[in-house]
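Me: I am new to this structure and would like to learn how to read it. Please take me through a few features in turn.

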Amino acid sequence: MLVVELDGKPALAGLVPGIEVLAISAPEALDEYLRDHGFARIAKRLNRTGVIDVVGTAAPGIDDIVVLGKIKQLERSGEYDLIVVDGPAAGHAITFLTSAAGLADAVSSGPVRTQAEEVLELLHDPTRCQVVLVTLPETTPVNEVVETAFALEDDVGVQLGPVVVNGVDIGEPLPDDETARGAVSHLDAETGRTLLDAAEFRRSRREMEAGEIARLASELPIPKVTLPARPAAGLTPEDIDELALVLGP
Amino acid sequence: MSDTTTPPEHVDASVVASDGDVIESSTVIVCCGSGGVGKTTTAAVLGLEAARRGRRAVVVTIDPARRLADALGLADGLASEPQRIELGPSTAGNSGGELWAMMLDTAATFDGLVRRHADSDEQIERILTNPFYRNIAGALSGTQEYMAAETLHELHLDDRFDLVVVDTPPSRNALDFLEAPGVLARFLDHRLFRLLMLPTRGGLKVIGTATQPILKAIGRVVGSDVLADSVAFFQAFAGMETGFRQRADDVVALIRSPETSFVVVASPRHDTIDEAVWFARQLGDQGVGVTSAIVNRTHPEFGCGSAADAAAAADAARESDDGVLGVLWDNVAALRRMRDLELDVISPLAEVVGGERLVVLPLLDGDVHDLDGLLVIAAHLFDHPVVDR
């Protein structure tokens, strides 16, 4: 089992102790790619003069394809039975995954084309690769995930796994307003107000979440997995263990 | 709901005055922070409040989601030209304030720059139709940030507005926005660029021996068509570097001037606060101070006791067999615990920007999806009553 992080700041190593975490960055992957394909001397020179910027601009997606190529190479090595990639955010996810098709069209021969074709094979084979989309039970994230899901199916042709709805408030059910009013009637007004306001706040957040989850279900008819909100402002390995239990013992 | 604007202990009450100053004295406000923290909404709220106070504010967003357009009552979405937002009389009053909004159009802005700096229609045509140029306009890292900076400069010079509020792209590196204007200038100064230019200068046919292997290698990696396009682009761009560099310098000077305020936006989570702290430090190192920090979506305060008090009250209620009251107290305990955790996470940001410059805004009980929703946030941020439109 391997977890792959792309660019960004390394955050996962501390959260999943005992699982191998690998960070892949585009410039390093491009450099490695050039070295592996007999451009070692050029690679050195390209880096020195910064021509990599120019190459990346000349053929947008080349930095994405070298990253995907690296992941494909790890998959082909047979060293891992599962590789989980923490992919880019919604907007970039589509360009990231369409880079292979784009380059296969744009480049007629050579190592980039071969690479693009091999990545396309990986993306199109549901036994080798699936995309798990993650969202929150709020309006904008739900809109984004629906758009992303359709774009990935149409433009990339990759198999979608279940959609994960993260951070859902699934605590103990709260009494309705009338019952709550009855229960606080013997308390002083201020305390009663606090209890009622807090209950109303929580109920209305939950209603909004439930509404968004229902909308997601109707707009995106694929299986969903719900993960509960953790009472924390940042996750710890213990939180990750608990959340993993939700997915399966 | 109880008073939800109460800031954490180390935050002084003058926060409200501080953000009011930002609104009244700046000519440019740049909102920055990681993605998903409510940056776009915050930019809209600042623009709305400025209009309420009689300023002619324009909000530039990069948010392609329809949410902001909906919130502003724009049925057809945001356009790439500023559009005036209808404000009710009780919002803008007789203050003379106006609110405008537009969406950043990276490619169109870049085309505009090329048109401005090119010598001839023929040069414009050659550049705009070049596939390599289209890629730069869409894909060169930093282009979006650069065009956001360029757009804000243009709006700053536009007589219709006296305040420009910009919502920056969610960069991996938040400083891209400051540095981006220089990126293209550096790109054009590139050694490869100069090498590619050699053949056209004075009709010299010296693609030196040094250039050829590089060009060949690039051609082998990316394909020869792509290479031909890039050579054509660099040749078409000849003579425009100076104009571009001058403009980039002007844009950077505006961003760094005291008329420009930086507002760092975060949510009360470790990762976004870390990013905000890092960004505030970097800005400080660059000699540009953060004017204020806004932490969105913090759980509101319910009552004045602690989480432990509420948990004890829940136990007591259950002991006297009052299950419903027990559940209600449990809920208060959970909400207070969450708020405590969040305020803890926020404190490093308060230390960096100064507690008096940090505002904590409450998580609302629903989504913000109309002008009234923005007004509710403005009321929290600037401590005035929510007005009906």
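Me: How much of chain B counts as buried?

Reply: Keep in mind that this is a predicted model. Of the 389 residues in chain B, 48% count as buried.

Me: How many helices and strands does chain B have?

Reply: Chain B has 17 helices and 8 strands. As for its contacts with a separation of 6 or more, 76% of them in chain B come from residues 24 or more positions apart.

Me: Now chain A. In what order do the strands of the open sheet lie?

Reply: The general idea is that strands of a sheet pair through backbone hydrogen bonds, either parallel or antiparallel. In chain A, 3 strands make an open sheet with the order β2-β1-β3, and the pairing is parallel. The edge strands are β2 (20-24) and β3 (83-86) of chain A, each of which pairs on one side only. On average, neighbouring strands of this sheet are turned by 25° against each other, direction ignored.

Me: How many bridges join β1(A) to β2(A)?

Reply: There are 5 bridges between β1(A) and β2(A), and the two run parallel. Within β2(A), Val21(A) is the residue that stands opposite Val3(A).

Me: Over how many bridges do β1 of chain A and β3(A) pair?

Reply: Strand β1 of chain A, residues 2-6, pairs with β3(A) over 4 bridges, in the parallel sense. Glu5(A) has Asp86(A) as its bridge partner in β3(A).

Me: Which helix packs on the sheet?

Reply: Helix α4 of chain A, residues 62-76, packs on the sheet and touches β1, β2 and β3 of chain A. The direction of α4 makes about 165° with that of β3(A).

Me: At what angle do helix α8 of chain A and helix α16 of chain B pack?

Reply: Angles from 65 to 115 degrees count as roughly perpendicular. Helix α8 (residues 177-184) of chain A and helix α16 (residues 323-353) of chain B pack at about 100°, and their axes are 9 Å apart. The helices α8(A) and α16(B) are therefore roughly perpendicular to each other.

Me: Which residues of α8(A) and α16(B) make the contact?

Reply: From α8(A) they are Thr179(A), Ala180(A), Ala183(A) and Val184(A). From α16(B) they are Val324(B), Leu325(B) and Leu328(B).

Me: How do the residues of the contact of α8(A) with α16(B) divide into nonpolar, polar and charged?

Reply: In the contact of α8(A) with α16(B), 6 are nonpolar, 1 is polar and no residue is charged.

Technical notes:
Residues are numbered from 1 along each chain as its sequence is written. Chains are lettered from A and ligands numbered from 1 in the order in which they are written. This is a predicted model: local features need pLDDT of at least 70, side-chain atom pairs count only at pLDDT 80 or more; totals for chains, interfaces and linings use all residues. Two strands pair if DSSP finds at least two bridges between them. Axes are lines fitted to C-alpha atoms, for helices over the stretch in contact, and angles run from 0 to 180 degrees between N-to-C directions. Two residues are in contact if their C-beta atoms, placed from the backbone, lie within 7 Å. A residue is buried if 20 or more other C-beta atoms lie within 10 Å of its own, exposed if 12 or fewer, and partly exposed in between; C-beta atoms are placed from the backbone. Angles under 35 degrees count as roughly parallel, over 145 as roughly antiparallel, 65 to 115 as roughly perpendicular and the rest as oblique. Ala, Val, Leu, Ile, Met, Phe, Trp, Tyr, Cys and Pro count as nonpolar, Asp, Glu, Lys and Arg as charged, and the others, Gly among them, as polar.
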